[in-house]
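This report describes a structure in terms of its overall fold, its disulfide, its backbone angles and its pocket.

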Amino acid sequence: MRSYRRHRLLVPVLLCALAVLAARPTAAERRPGSGGAGGSGLSAEVARLYEEAAVATRQYEKGRKEAEGQRARAQRAEKLLDRQRRHIAGLHEDLGRIARAQYRGSGGLPVAAQMILADSPEDLMRGQHAFSQADLAVNNAIAKSRRAETRLAADEARAAAQWQALDRRNSQLARLKAGIERKLETARTRLQRQADASVAAGACRGAVRLDQPETRFTTAWVTPVETYELSASYGSGGSRWASRHTGQDFAVPIGTPVRAVGTGRVERVSCGGAFGIEIVLKHPGGYYTQYAHLASVAVDQGEYVTPGRWIGQSGTTANSTGPHLHFETRITPEMGSAVNPVSWLEERGVTL
């Protein structure tokens with residue numbers, strides 16, 4: 001009887017235990033810095049498409065330059081061919097003039113009559129020899145020019161065919177590039193939406209690990225993004241800032257990989273306030289760098305980074321009028337201690 005009661009009591013206890021286990025967060029949810037599978041996949045997709053778009057652009061530009069060079073060679077060959085044809089036409093005119101002069105000089109008489117009327121055999125022979133030599137020279141020149149024309153025509157046809165083949169390949173590359181850019185733009189939009197949601201909630205999604213580039217930097221300091229246009233500069237005024245702009249802005253598309261400018265430790269990762277998603281690094285020597293308005297982060301607080309390491313992706317979170325990276329250099333990790341980032345980087349051998 002006691003055994004039966006024990007089994008009846010065990011059933012609700014086991015059900016409660018299962019309910020508690022089911023309610024507990026998974027390992028991925030509990031892990032600090034985990035962005036979740038969806039966030040991680042989207043950030044990685046943007047980074048991958050960013051690289052693919054860059055490669056496609058380089059291939060397209062290289063092909064375009066090759067096609068332009070080949071087209072220029074075809075046009076040069078065409079001009080040379082046209083010049084050679086005009087030269088042959090001129091030689092034909094020369095031959096006609098010689099024939100007309102000979103006809104006028106001899107009166108159109110046959111050779112037998114010329115021999116009878118000539119003052120001396122020597123005069124006759126000299127006249128005939130001069131005509132023959134001139135005729136032979138012109139004929140040789142025409143034959144030589146025709147051979148040159150044949151070669152030039154072949155060169156022109158070959159250059160034109162190569163240019164057309166390159167042009168067709170470039171059309172394919174342009175379509176491939178456009179397709180990648182469309183996918184990238186869609187992924188960027190989704191990534192920014194996720195970032196905006198994180199900022200609105202005031203909670204970072206955590207580090208989204210990105211496949212790092214194979215680049216090995218030989219310098220201790222690098223630019224925070226690889227390709228960029230400088231926009232708002234340090235100390236400039238504007239309605240968006242309480243006093244003066246405290247950093248240097250780099251105009252880059254959403255999802256652009258953001259790099260650590262030098263060796264350092266991740267001092268802070270945060271998602272609230274005017275800077276949106278931001279990272280602050282501490283560097284040897286007591287200086288700090290800030291990377292703000294990000295769409296995602298790829299590092300956790302306390303982590304050590306090396307020059308050129310991808311630490312996040314650019315965005316337009318919080319107080320931002322468009323996609324860009326806000327970059328600051330500071331003497332403390334907090335606002336109000338900024339120094340001119342352009343001069344600071346120049347002192348370390350990096351010119352913007």
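A residue counts as buried under 20% relative accessible area, as exposed over 50%, and as partly exposed in between (1.4 Å probe, protein chains only). The model is predicted: local features need pLDDT of at least 70 and side-chain atom pairs count only at pLDDT 80 or more, whereas totals for chains, interfaces and linings use all residues. Residues are numbered from 1 along each chain as its sequence is written, and side-chain values use heavy atoms, with hydrogens and water left out.

The chain contains 6 helices and 10 strands; these are DSSP runs numbered from the N terminus (helices: H or I, at least four residues; strands: E, at least two). Of its 352 residues, 35% are buried. Where contact means heavy atoms within 4.5 Å, 71% of the contacts between residues at least 6 apart in sequence join residues at least 24 apart.

The whole structure holds 1 disulfide, defined as a pair of cysteine sulfur atoms within 2.5 Å. Cys 204 is joined to Cys 271, with an S to S distance of 1.7 Å. This pair links distant parts of the chain, 67 residues apart: Cys 204 is in the loop between H5 and strand E1 (229-230), and Cys 271 in the loop between strand E4 (264-270) and strand E5 (277-282). The link is right-handed, with 125 degrees about the S-S bond.

Most residues other than glycine have a negative phi. His 293, in strand E6 (residues 288-297), has a positive phi near 65 degrees. Ala 318, in the loop between strand E8 (310-314) and strand E9 (325-330), also has a positive phi, near 65 degrees.

| Residue | Relative accessible area | Class |
|---|---|---|
| Cys 204 | 31% | partly exposed |
| Cys 271 | 5% | buried |
| His 293 | 4% | buried |
| Ala 318 | 36% | partly exposed |

Helix H3 (36-106), helix H5 (121-201) and strand E3 (257-259) each supply at least two lining residues, and H3 gives the largest share, 6 residues.
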